[in-house]
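Please read the following report with the sequence and the model open beside it.

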Amino acid sequence: MFASHFSIRNIPFGIASSEGHPKHSAATRVEDTVIFLDELAKYGFLKSLPAAAIDSLSQPVLNDFAALPKSVHQQTRIVLQSLLTEHPLTSLPLGTTEALKDVTVHLPVFCRDFTDFSCSKDHVLNAGEAIQKKRFLPPGFLHFPIGYSGRASSIVVSGTPVIRPKGQFRNASGDVIYGPTEQLDYELELGCIVGKPSEHGKSVSSKDADEHIFGLVLVNDWSARDIQGLEMPPLGPLNGKSFATSISPWVITLDALKESAVEGQPRELQVAPHLADPNPNNSYDISLRADLVTNLGSTTICKTNLKTMYWSFRDLIVQLTSNGCNINTGDLLATGTISGSTDESHGCLLELTSGGQASFSVSEGGKRVYLEDSDTVQISALASNGVGFGECSGKILPAL
């Protein structure tokens, strides 16, 4: 379905395996063909790359490759683009390629830390109105990107089912009960994966932040709004968010996104010097959508764009390291819900249903407020012609 997202202008990186290639190893994708990079290396197609790069391509996660200098990532893309321009896919040796339908994709990196931020001003205002019936910004929002530490242990790759979580929340009578969430939600996000790590005790400057970003992935940070609502004060979410976070399998490099770079949102307040980005093109024109797939059909429930974000990925790297906290290869830093100012651009059901007070229509005359068992949420993103993210999907299964 998303073959057009993966032209040779893209060249994403992921981890894949198949019946004919059972070992998990580095791969790229062109349209609906997966190319195993360790197999290309065996035939000498990648001999111009550094030995460390070639060795890293046979590993079961991309961490070793991601930790290499950005120049090596760029060189690898150029070598692959040249190879695929000169050699049709059908001419590559047997075993180097497989049809996407015959391949299993896996988590691209081993992630030790996950930080979820709140970069969208529209989302923060809409969520405040949905929950507390007033539009307001948290006191720090205009000064720095606010965020919290999530659970990396429950990050799963696209296609992994999501079991409805249980927890404690207030029922309709106001009593606190324990049971399956009744307000299961999705969140449409993007995340950056850290490549080059930083040193503990040292901060990363805005001008150097991109050097620490291996690439971007789609993120669905599933949320149980009733559980989250009870546990939030005063320390923030825990069980309402930690049960599952889905990410797309293909890491899209910043080099592939260069043509989509745009000027970010203007600052409403002067920021601290460390957050003053010397490059005004600090965001990307990336169109995102979310579709709710039921047994009766598919309904588009959100269309939005990354360029509406108040804070950028560079800002996230800078803020997280500004106190000396180090970032490690494979860490995931996510945007939080990406929402716009229109009704069609609400990036979660909390906003779309005004906190559960309204329903919305789905295919064949159905109605939803929050997600039901057997629903599938599919999010996708397209940056430019031939450069996209594919999909990130998850189907809701009943609570155990």
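## A strand pair and its sheet

D116 stands opposite A334 in β21. The pairing concerns strand β6 (residues 114–118) and strand β21 (residues 332–334), which run parallel and are joined by three bridges; helices (H or I, at least four residues) and strands (E, at least two) are DSSP runs, numbered from the N terminus, and two strands pair if DSSP finds at least two bridges between them. This is a predicted model, in which local features need pLDDT of at least 70 and side-chain atom pairs count only at pLDDT 80 or more, while totals for chains, interfaces and linings use all residues. Residues are numbered from 1 along each chain as its sequence is written, and side-chain values use heavy atoms, with hydrogens and water left out.

Both strands belong to an open sheet of seven strands with mixed pairing, in the order β7-β6-β21-β13-β14-β16-β8. At its edges stand β7 (146–149) and β8 (155–157), each with a single partner strand, so one side of each is left without a neighbour in the sheet. On average, neighbouring strands of this sheet are turned by 30° against each other, direction ignored (axes are lines fitted to C-alpha atoms, for helices over the stretch in contact, and angles run from 0 to 180 degrees between N-to-C directions).

## A sheet of five strands

Another open sheet has five strands in the order β9-β25-β24-β19-β20, again with mixed pairing. Here β9 (162–163) and β20 (297–305) are the edge strands, and each has a single partner strand, so one side of each lacks a neighbour in the sheet. Two bridges pair β9 with strand β25 (residues 387–397) in the parallel sense, and I163 stands opposite L397 in β25.

Within strand β24 (residues 376–384) lies T376, which counts as buried at 18% relative accessibility; buried means under 20% relative accessible area, exposed over 50%, and partly exposed in between (1.4 Å probe, protein chains only). Leaving aside residues up to four places away in sequence, T376 touches D291, L292, V293, S393, G394 and K395, where contact means heavy atoms within 4.5 Å.

## A covered helix

Helix α7 (residues 313–321) is mostly covered, since eight of its nine residues are buried. What covers these buried residues includes β6, β13 (188–194), β14 (213–220) and β21.

## Aromatic rings

Rings of Phe, Tyr and Trp (its six-membered ring) pair if their centres lie within 6.5 Å, and planes under 30 degrees apart count as stacked, over 60 as edge-to-face and the rest as tilted. By this rule there are six aromatic pairs. For F13 and F65, the ring centres are 4.9 Å apart and the planes are at 55°, so the pair is tilted. F13 lies in the segment before β1 (14–18) and F65 in helix α3 (residues 63–66), so the pair ties together parts that are 52 residues apart in sequence. F13 is buried, with a relative accessible area of 0%, and F65 is likewise buried at 0%.

## Nonpolar cores

A nonpolar core is a set of buried Ala, Val, Leu, Ile, Met, Phe, Trp, Tyr and Cys residues joined through side-chain atoms within 4.5 Å. The largest has 67 residues, and those with the most contacts inside it are Y186, L257 and I286. Apart from it lies another core, of 35 residues, among them F13, V72, I247 and V251.
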